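Student: Hi! I have a new model open on my screen and would like to walk through it with you. Could we start with how helices are sized up?

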Amino acid sequence: MEDITHLIGHVLEHSVEDTLYLIPFLFVTYLAMEWLEHKAGDKAEEAVRRAGAAGPVVGALVGIVPQCGFSAAAATLWAGRVITLGTLFAVFLSTSDEMLPIFLAEQVAPATILKIMGVKLMIGMVMGFVVDAVIRLARRDREKLRIHELCERDRCHCNGDCETCEQQPELAYDFEHDEEHEHHHEGGSILRSALKHTVQVTVFIFIITLVLDGALELVGEDALAAFLGSNPALSVLGSALVGLIPNCAASVVIAQLYVEGALGAGAMMAGLLVSAGVGLLVLFRTNRRLRQNLIVLAGLWAMGVFWGLIISAFGIAF
């Protein structure tokens with residue numbers, strides 16, 4: 001009984017820690033999105049389109065910061081179409097979750113760490129530009145901001161007391177119809193809406209993180225290590241699969257196994273490229289199109305495997 005109580009307490013502690021630090025990222029992101037949608041109008045959409053060309057560069061640079069808060073923010077921004085899909089991939093691919101703390105704790109040579117982070121940065125940028133180029137060729141890059149969809153789904157009532165907006169929510173964010181009715185989006189409404197979005201997403205993340213932490217505690221990190229090391233020929237595929245687990249344990253195991261020599265450079269890179277942490281959870285929570293989310297998930301895994309196999313095939317070492 002004492003062991004069970006200790007396990008529950010340990011899982012709760014980790015889940016709370018993993019969730020709390022995301023709150024500032026989520027709140028600032030939603031606050032910026034609400035302001036963008038309510039105050040800037042069509043000018044904001046045009047500015048977003050113009051900035052989209054350089055999005056993968058910014059996304060990869062931001063994503064390299066050693067934690068997954070920015071991947072959560074990027075998932076939210078893409079759900080509202082504030083950033084491009086290529087920028088989202090750039091953030092996800094450059095993010096390494098707990099890689100850097102593990103490498104530092106294991107006293108990995110600084111030059112090695114910089115090489116790994118540099119490769120992830122370049123891969124994030126390259127794949128981000130590739131994804132955006134493909135979308136432009138397919139002429140799917142003219143999507144309007146979809147922040148209103150997040151509001152409709154979460155029922156944040158950020159349309160104020162406007163009766164027309166309440167009856168036809170899509171008009172609340174269609175600035176071509178501003179002359180037909182008045183909007184009353186005051187600062188308090190924007191703040192209240194951002195808070196409500198943040199609370200809802202935070203609760204969702206906490207619940208899923210609690211379940212994942214509990215499952216990983218029962219299975220154990222040793223089991224993940226055994227899975228990755230059981231078949232060296234398939235280690236790249238397996239590492240990329242484990243990396244998709246939206247929990248810091250995945251990146252911890254992958255980084256630790258690489259340091260111990262149980263994983264090659266290709267398998268390590270495949271797993272860490274897809275380790276976007278809770279960014280994937282936020283993606284599935286905020287973007288209502290399940291098919292799109294599954295395509296992003298599959299695309300992320302395929303990119304991780306592709307680059308992992310390339311690194312393995314050429315015998316690249318760090």
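Tutor: Happy to! The expected span of a helix is 1.5 Å times one less than its number of residues. Helices here (H or I, at least four residues) and strands (E, at least two) are DSSP runs, numbered from the N terminus.

Student: What span should helix 14 have, and how far apart are its end C-alpha atoms?

Tutor: Helix 14 covers residues 248–259, and its twelve residues should span 16 Å at 1.5 Å a residue; the end C-alpha atoms lie 17 Å apart, which agrees. Before we go on, this is a predicted model: local features need pLDDT of at least 70, side-chain atom pairs count only at pLDDT 80 or more, and totals for chains, interfaces and linings use all residues. Residues are numbered from 1 along each chain as its sequence is written, and side-chain values use heavy atoms, with hydrogens and water left out.

Student: Good to know. How many helices and strands are there?

Tutor: The protein has 17 helices and zero strands. Of its 318 residues, 50% are buried, where buried means under 20% relative accessible area, exposed over 50%, and partly exposed in between (1.4 Å probe, protein chains only).

Student: Back to helix 14, then. How many of its residues are buried?

Tutor: Nine of the twelve, so helix 14 is largely enclosed by the rest of the structure. Among them are Val252, Val253, Ile254 and Tyr258. Just after helix 14, Gly261 takes a positive phi of about 85°.

Student: What about helix 6, how many of its residues are buried?

Tutor: Ten of the ten residues in helix 6 (residues 85–94) are buried. Its cover includes helix 4 (55–63), helix 5 (69–79), helix 8 (110–137), helix 15, helix 16 and helix 17.

Student: You mentioned helix 16 and helix 17. At what angle do they pack?

Tutor: Helix 16 (residues 279–286) and helix 17 (residues 290–313) pack at about 160°, with axes 9 Å apart. Axes are lines fitted to C-alpha atoms, for helices over the stretch in contact, and angles run from 0 to 180 degrees between N-to-C directions. The two are therefore roughly antiparallel; angles under 35 degrees count as roughly parallel, over 145 as roughly antiparallel, 65 to 115 as roughly perpendicular and the rest as oblique.

Student: Last one: how do helix 13 and helix 15 cross?

Tutor: The axes of helix 13 (residues 235–243) and helix 15 (residues 265–273) come within 7 Å and cross at roughly 25°, and the two helices are therefore roughly parallel. Their contact uses residues including Ser235, Ser239 and Gly243 of helix 13 and Gly266, Ala270 and Gly271 of helix 15.

How values were computed:
Contact means heavy atoms within 4.5 Å.
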